[in-house]
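Trainee: I'd like to learn how to read a model like this one, feature by feature. Can we go through it together?

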Amino acid sequence: MVMVKYEVVEHDGGWAYRAGGALSETFPTHDAALKAATRAAARQTVAGNTDGIVYQDQNGRWHEELADGHDRPVTRVVDGS
């Protein structure tokens, strides 16, 4: 099973969370970023519909896949400050 980690970090004069190398928007306080990370992590585990997806990888290549809406990751929020 996949584990997605949401890490709260200092960013751009405030706080953000990082997941899979991507940063969220900047929040004014650590607590606000932690709450946003917790909400995002919870949403990530909710089952959805099986559907086709298209995405671009880090090398600029496009991929098409069928995403199983019930195959959800385990999530964890950590304080990286």
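Trainee: Let's begin with charged pairs. Which residue forms a salt bridge with R61?

Mentor: Before the answer, keep in mind that this is a predicted model. To call a salt bridge, look for a side-chain nitrogen of Lys or Arg within 4 Å of a carboxyl oxygen of Asp or Glu. Here the partner of R61 is D57, and their closest N and O atoms are 3.5 Å apart.

Trainee: How many salt bridges does the structure hold?

Mentor: It holds 3. Another one joins the side chains of E7 and R18, at 3.2 Å from N to O. That pair links distant parts of the chain, with E7 in strand β1 and R18 in strand β2, 11 residues apart. There is also a bridge between the side chains of K35 and D31, again given as 3.2 Å, N to O.

Trainee: What separates K35 and D31 along helix α1?

Mentor: About one helical turn, because the two residues are 4 apart in α1. As for cover, K35 is partly exposed at 47% relative accessibility, and D31 is partly exposed too, at 43%.

Trainee: And the E7 pair: is E7 buried or exposed?

Mentor: The cut-off you need is that buried means under 20% relative accessible area. E7 has 18%, so it counts as buried.

Trainee: What about V9, and which residues does V9 touch?

Mentor: V9 lies in strand β1 and is buried at 7% relative accessible area. Beyond four places in sequence, V9 touches G14, W15, A16, R18 and L23.

Trainee: Now the surface. Which residues form a nonpolar patch there?

Mentor: M1, M3 and V74 do, with about 350 Å² of accessible area together. V74 is in strand β6 (residues 74–79) and is partly exposed, with a relative accessible area of 34%. V74 and V9 are 65 residues apart in sequence and 20 Å apart in space, C-alpha to C-alpha.

Trainee: Let's zoom out. In what order do the elements of the protein run?

Mentor: From the N terminus, the order is β-β-β-α-β-β-β, giving 1 helix and 6 strands. The C-alpha trace spans about 40 × 30 × 20 Å along its principal axes. Of the 81 residues, 23% count as buried. The protein exposes about 5,700 Å², of which carbon and sulfur atoms supply 48%.

Trainee: And how far apart are the mean positions of the positive and negative charges?

Mentor: They are 5 Å apart, for 8 positive and 12 negative charges.

Notes:
Residues are numbered from 1 along each chain as its sequence is written. This is a predicted model: local features need pLDDT of at least 70, side-chain atom pairs count only at pLDDT 80 or more; totals for chains, interfaces and linings use all residues. Side-chain values use heavy atoms; hydrogens and water are left out. Patches are made of residues with over 30% relative accessible area and no salt bridge: like charges are joined within 9 Å, nonpolar side chains (Val, Leu, Ile, Met, Phe, Trp, Tyr) within 5 Å. Accessible areas come from the Shrake-Rupley method with a 1.4 Å probe; for residues, only the protein chains shown count as cover. Buried means under 20% relative accessible area, exposed over 50%, partly exposed in between (1.4 Å probe, protein chains only). Lys and Arg count as positive and Asp and Glu as negative; His and the chain ends are not counted. The place of a charge is taken as NZ of Lys, CZ of Arg, CG of Asp or CD of Glu. Contact means heavy atoms within 4.5 Å.
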